[in-house]
Amino acid sequence: MKKKVLCLALFGAMGAAHGPLAQDFDDCWYLSGSVGVNMQPHYRLTDDSTFGMIGIGKFFAPRWSFDLEFNYQDPKFKHSSLNWTQYGALVAGRYHFVKEGRNWWPYIKFGVGAERSREDFQAVPNGPVFTRGDTHLATELGFGLEADYGRVDLRGELGVRYVFDDNSVHASSQDHFNDFLASVGVTVALGPEPIKAVEPDPAPAPVAIDPGGGEVAR
């Protein structure tokens, strides 16, 4: 009898332990996209510009996600038809302050990647246009809000991108640039809705042997 009760207790403990191990977040890959404003610092001598971003990412833990993002912006120099085009790729991590029972939450973002600059310039006024092209290390810091609508999430984000570009022609005294970013975006999950883990059946009640030869349920 003791062996039977011990076995039942063991199977019940295994079933209870399985619950916390079940995945409780959506780890499907998703596509992302956003549009916004790239606010240029004054020493770049350029106008603020719109920018776009597309990417792919996923959650790898209930509060952590990572994305591979590609950005593009094409600001013009003030009072000129010349451009300082930028485009690049960034690996971004986000920590989400998810709260049970709420479909929206804040998050913080940090990322690192490379940014390509194509800076137009003229050696003499009204002379031929040349283009300086360089690729440099870039980092990003930001925070935002995300709202979950099932397979589609909405994001609003503010951040700053540091580009360690020290080869500028127009701003030769600078060894980096920090552009401020404000954007709204969307993520679209790929694949079906995740299936929630099934709760294990409760362990059967132990059975005691009646001295009269029958079984009595506890």
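Me: How many helices and strands does the secondary structure of the protein come to?

Reply: Happy to walk you through it. This is a predicted model, and its secondary structure comes to one helix and 10 strands. Reading from the N terminus, the order is α-β-β-β-β-β-β-β-β-β-β.

Me: What share of the residues of the protein counts as buried?

Reply: The general idea is a cut-off: buried means under 20% relative accessible area. Here, 36% of the 218 residues fall in that class. The protein exposes about 13200 Å², with carbon and sulfur atoms supplying 66% of it.

Me: Is I108 buried or partly exposed, and how do I tell?

Reply: Partly exposed covers the range between the buried cut-off of under 20% and the exposed one of over 50%. I108 has 37% relative accessibility, so I108 counts as partly exposed. You will find I108 in strand β5, residues 104-122.

Me: Which residues is I108 in contact with, leaving aside its neighbours within four places in sequence?

Reply: Contact means heavy atoms within 4.5 Å. By that reading, I108 touches G93, R94, Y95, F97, G142 and F143. For a look at sequence against space, take I108 and G144: they are 36 residues apart in sequence, yet their C-alpha atoms are 6.5 Å apart. Across the protein, among contacts between residues at least 6 apart in sequence, 59% join residues at least 24 apart.

Me: How many salt bridges does a search of the whole structure find?

Reply: For a salt bridge, look for a side-chain nitrogen of Lys or Arg within 4 Å of a carboxyl oxygen of Asp or Glu. The search finds 16. One of them joins the side chains of R155 and D67, at 3.9 Å from N to O. R155 sits in strand β7 (residues 152-163) and D67 in strand β3 (residues 64-73), so this pair ties together parts 88 residues apart in sequence.

Me: Are R155 and D67 buried or exposed?

Reply: R155 is buried, at a relative accessible area of 9%, and D67 is buried too, at 1%.

Me: Which residue forms a salt bridge with E157?

Reply: That partner is R94, with the closest N and O atoms 3.0 Å apart. E157 belongs to strand β7 and R94 to strand β4 (residues 84-96), 63 residues apart. E157 counts as buried at 14% relative accessibility, and R94 is buried at 1%. R94 is also one of the residues in contact with I108.

Me: Which residues are linked in a network of salt bridges?

Reply: The network links D67, E69, R94, K109, E115, E140, E146, R155, E157 and R161. Within it, E140 pairs with R161, their closest N and O atoms being 3.2 Å apart.

Notes: Residues numbered from 1 in each chain as written. Predicted model: local features only at pLDDT ≥ 70, side-chain atom pairs only at ≥ 80, totals over all residues. Heavy atoms only, no water. Helix = DSSP H or I, 4+ residues; strand = E, 2+ residues; numbered from the N terminus. Buried < 20%, exposed > 50% of the residue type's maximum accessible area, 1.4 Å probe, protein only. Areas by Shrake-Rupley, 256 points an atom, 1.4 Å probe, with all protein chains shown as cover.
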